[in-house]
Amino acid sequence: MKKDVFNVELNRFENENVRLSTEIILEMIPVYFFNIPASSSGKYHPAFSLGEGGLVRHVKVAMRILEEMFRDEAFGIYDDYTKDLMRMALILHDGFKSGITNCGHTCSEHPVIMSNFILDNKDKLLISEKDVEFVSSLILTHMGPWNKDKESNVIMPVPKTKEQLLVHLCDYIASRNFLNVYFENNEIKDSADRARTLITNK
């Protein structure tokens, strides 16, 4: 199952219907999502998100940043259900990163495509239409100020609500090319885990 690559992240969901709805969409998005790098040029994302499966690793780091934000009293101001909807949006935000069919590079309108895809498939999901629209809005605005196409036409709104801003922030931080996140078997390893591994392997 395609969704299995996000088992760690999906297990953090509190609400079963939101989790299952996320899994439904994960099974429907293009297969290429699970294989491509986060940046086709290699210029705009850190090393861990390049190469085979790099986009998945980018999403995992964005998701981990979101969890860290939730632990901070300044950001952990949401009820559990809203947190799950934000988790859903962030896991799915780049589902059509290279377009409906893989065009080989980042598609400027990928948030629009993903947002519309969720709306178009709302009847398959186990959450309300209002919740679907909320998740869709988080995805639609996740690019922040980078909301134009190659002809400089505005094609997406910028984030305005605190939820939209936080989802954008997590995606933005995860894309900074100075980051160095250690992965083992495609899962994030904390420094304590790395230290134990190094000691064990001596």
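**Reading a predicted model, feature by feature**

Q: Which residues does serine 39 touch, not counting residues up to four places away in sequence?
A: In this predicted model, the contacts of serine 39 beyond its close sequence neighbours are with Tyr44, His45, Ser49 and Leu50. Serine 39 itself belongs to the loop between H2 and H3.

Q: Is serine 39 buried or exposed?
A: The cut-off needed here is that a residue is called buried when its relative accessible area is under 20%, and exposed when that area is over 50%. Serine 39 has a relative accessibility of 6%, so it counts as buried. Lysine 43 is also found in the loop between H2 and H3, but with a relative accessibility of 56% this lysine counts as exposed.

Q: How many of the residues of H3 are buried?
A: Of the 18 residues of H3, 15 are buried, and therefore this helix is largely enclosed by the rest of the structure. Its length can be checked as well: from first C-alpha to last, H3 reaches 26 Å, close to the 26 Å expected at 1.5 Å a residue.

Q: Which residues have the most contacts inside the largest nonpolar core?
A: The general idea is that nonpolar side chains tend to be buried together in soluble globular proteins. Here the largest nonpolar core holds 48 residues, and those with the most contacts inside it are Phe6, Leu92 and Met114. At least two residues of this core come from each of helix H2 (16-28), helix H3 (54-71), helix H4 (80-92), helix H5 (110-120), helix H6 (129-140) and helix H7 (162-174). The most is given by H3, which supplies 10 residues. Taking leucine 92 as a case, and leaving aside neighbours within four places in sequence, one finds it in contact with Thr22, Ile25, Leu26, Met114, Ile118 and Ile139.

Q: Where does serine 136 lie, and what does serine 136 touch?
A: Serine 136 lies in helix H6, and, when residues up to four places away in sequence are not counted, this serine touches Ser115 and Leu119. Serine 136 is buried, because its relative accessible area is 4%.

Q: What lies nearest the centre of the largest pocket?
A: Empty space is found by rolling a probe the size of a water molecule over the atoms. The largest pocket contains about 700 Å³ of space, and among the 29 residues that line it, Tyr44, His45, Thr106, Met143 and Trp146 lie nearest its centre. The lining divides into eight nonpolar, 13 polar and eight charged residues, and H7 gives the most to it, with three residues.

Q: What is phi of asparagine 185, and what is phi of asparagine 186?
A: A positive phi is worth noting when the residue is not glycine. Phi of asparagine 185 is near 55°, a positive value in a residue other than glycine, and phi of asparagine 186, likewise positive, is near 65°. Asparagine 185 is placed in the loop between strand E1 (183-184) and strand E2 (187-188), and asparagine 186 is found in the loop between E1 and E2. With a relative accessible area of 72%, asparagine 185 is exposed, whereas asparagine 186 is partly exposed, with a relative accessible area of 27%.

Technical notes. Residues are numbered from 1 along each chain as its sequence is written. This is a predicted model: local features need pLDDT of at least 70, side-chain atom pairs count only at pLDDT 80 or more; totals for chains, interfaces and linings use all residues. Side-chain values use heavy atoms; hydrogens and water are left out. A nonpolar core is a set of buried Ala, Val, Leu, Ile, Met, Phe, Trp, Tyr and Cys residues joined through side-chain atoms within 4.5 Å. Buried means under 20% relative accessible area, exposed over 50%, partly exposed in between (1.4 Å probe, protein chains only). Helices (H or I, at least four residues) and strands (E, at least two) are DSSP runs, numbered from the N terminus. Contact means heavy atoms within 4.5 Å. On a 1 Å grid over the protein atoms alone, a cavity is a set of points where a 1.4 Å probe fits but cannot get out, and a pocket is an open set with protein on both sides within 12 Å along at least five of seven lines; lining residues have an atom within 4 Å of a point. Grid points are joined across faces, edges and corners, and a volume is the space filled by probe spheres set on the points. Ala, Val, Leu, Ile, Met, Phe, Trp, Tyr, Cys and Pro count as nonpolar, Asp, Glu, Lys and Arg as charged, and the others, Gly among them, as polar. The expected span of a helix is 1.5 Å times one less than its number of residues.
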